[in-house]
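Let's take a walk through a protein model together, one stop at a time. Keep the picture in view as you read.

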Amino acid sequence: MLPRDVMTEVQRDLLDWKGLRRSVMEISHRSRPFMDMMQKAEADFRDLLAIPDNYQVLFVHGSASHQFAMIPMNLSKNGVADYIDTGTWSHKAIKEAEKFTRVNVTQGLKIDEHGINHLQSFSEWSLSEDPDYLFYTPNETIAGLQYHLIPDTQELYGKDVPLVADMSSCILSEPIDVSKFGIIFAGAQKNIGTSGLTMLIIRDDLIRTTDDKVPTLFRYQTYKDYHSLYNTPAVFPVYISGLVFNWIKISGGLDKMSEINHRKASKLYHAIDSNGFYHNPNADSVRSIMNVPFLLEDESKNEHFIQMAESQGLFALEGHRSVGGMRASIYNAMPESGIEKLISFLEEYALKIS
Ligand SMILES: *Cc1c(COP(=O)(O)O)cnc(C)c1O
């Protein structure tokens, strides 16, 4: 979901953006108003995440899945890359990387004898000696599994191995230390704005495509050299992102987001854990603050549950089609009152059914 204030602003801007008597979609992306807007979006994004000066912010075309290919295309030096397989998204990243480089995979997910999901600790990872980079997915969106600490590659390898993170579903949910990463990327449609744009943060020295065969728009160098304006950017998603960055800033920044997000998640997990009608299969220490999956003890009620929830204005609670069950994705724009409404519904539903 998008913040209501942002949606209202978009609605107002749609026929007349900044007094131009046109929408942002109907002006040149090389015109002053557009370029100013994009610069401000970048400045706000940098500000929110306290991005150091030796990192570039790139507005890249397409989806997070494009990065599964672009990363090995740009970072491989004919060596090997280390990948941690923690679920659906990291698995897809691995499949794609194998087209470009040798991949050393660590199985990062552990299921204990009670069926509870855990993530391997960093020291359990089986890593190679000298990989081009280490790729992991801090928040596995579908299973709702999250690493709450950042691996330190200096410690793990005894040298600087670039850490690459797919933060599509956790970016901007709380402050992070960007200097620990080589690349952070995030498809915009989950916690930023709308699809068609991927935000990428990359350390300067990693912009180094050596293979001439890598097409122009698949090189990070191109996005850097042309300030993400080599060709027409994803105009509308860039505009929406700018509005959302600004909304986060005026809402109190990432410290505030983090405080609210942790409170939202812990209330919801508590409601699920304390009611015998529901359960969440993930160990406490690796539960996501953004994606909260849960199962009904009586799974024959799944469809009925969804219908009743929708009738109360509670949407998008179906789990991902690959796993079933339910999932509440509680990104930044979901207000705390939405969580409270869901919790009341969970309680009422369990009472009604039992
Ligand atoms: C949703 C998601 C993706 C895929 O995003 P697309 O933009 O649809 O390619 C990749 N990684 C993670 C962690 C996601 O949550």
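What covers the buried residues of α9? Before we answer, note that this is a predicted model, in which local features need pLDDT of at least 70 and side-chain atom pairs count only at pLDDT 80 or more, while totals for chains, interfaces and linings use all residues. Residues are numbered from 1 along each chain as its sequence is written, and side-chain values use heavy atoms, with hydrogens and water left out.

Now to helix α9, which spans residues 302-311. Helices here are DSSP runs (H or I, at least four residues), strands are runs of E (at least two), and both are numbered from the N terminus. The cover over the buried residues of α9 includes β12 (278-279), β13 (291-296), β14 (326-329) and α10 (336-353). The buried residues in α9 are N302, F305, I306 and A309. Buried means under 20% relative accessible area, exposed means over 50%, and partly exposed lies in between (1.4 Å probe, protein chains only). Just after α9, G313 takes a positive phi of about 80 degrees.

Most residues other than glycine have a negative phi. K18 is not a glycine, yet has a positive phi of about 50 degrees. Look for K18 in the loop between α1 (4-13) and α2. K18 counts as exposed because its relative accessibility is 58%. S228, also not a glycine, has a positive phi near 60 degrees, and lies in the loop between α6 (220-225) and α7. S228 counts as buried because its relative accessibility is 5%.

Our last stop is where α2 (residues 32-49) packs with α7 (residues 235-250), at an angle of about 45 degrees and with axes 9 Å apart. That angle makes α2 oblique to α7. Axes are lines fitted to C-alpha atoms, for helices over the stretch in contact, and angles run from 0 to 180 degrees between N-to-C directions. Angles under 35 degrees count as roughly parallel, over 145 as roughly antiparallel, 65 to 115 as roughly perpendicular, and the rest as oblique.

Methods. Contact = heavy atoms within 4.5 Å.
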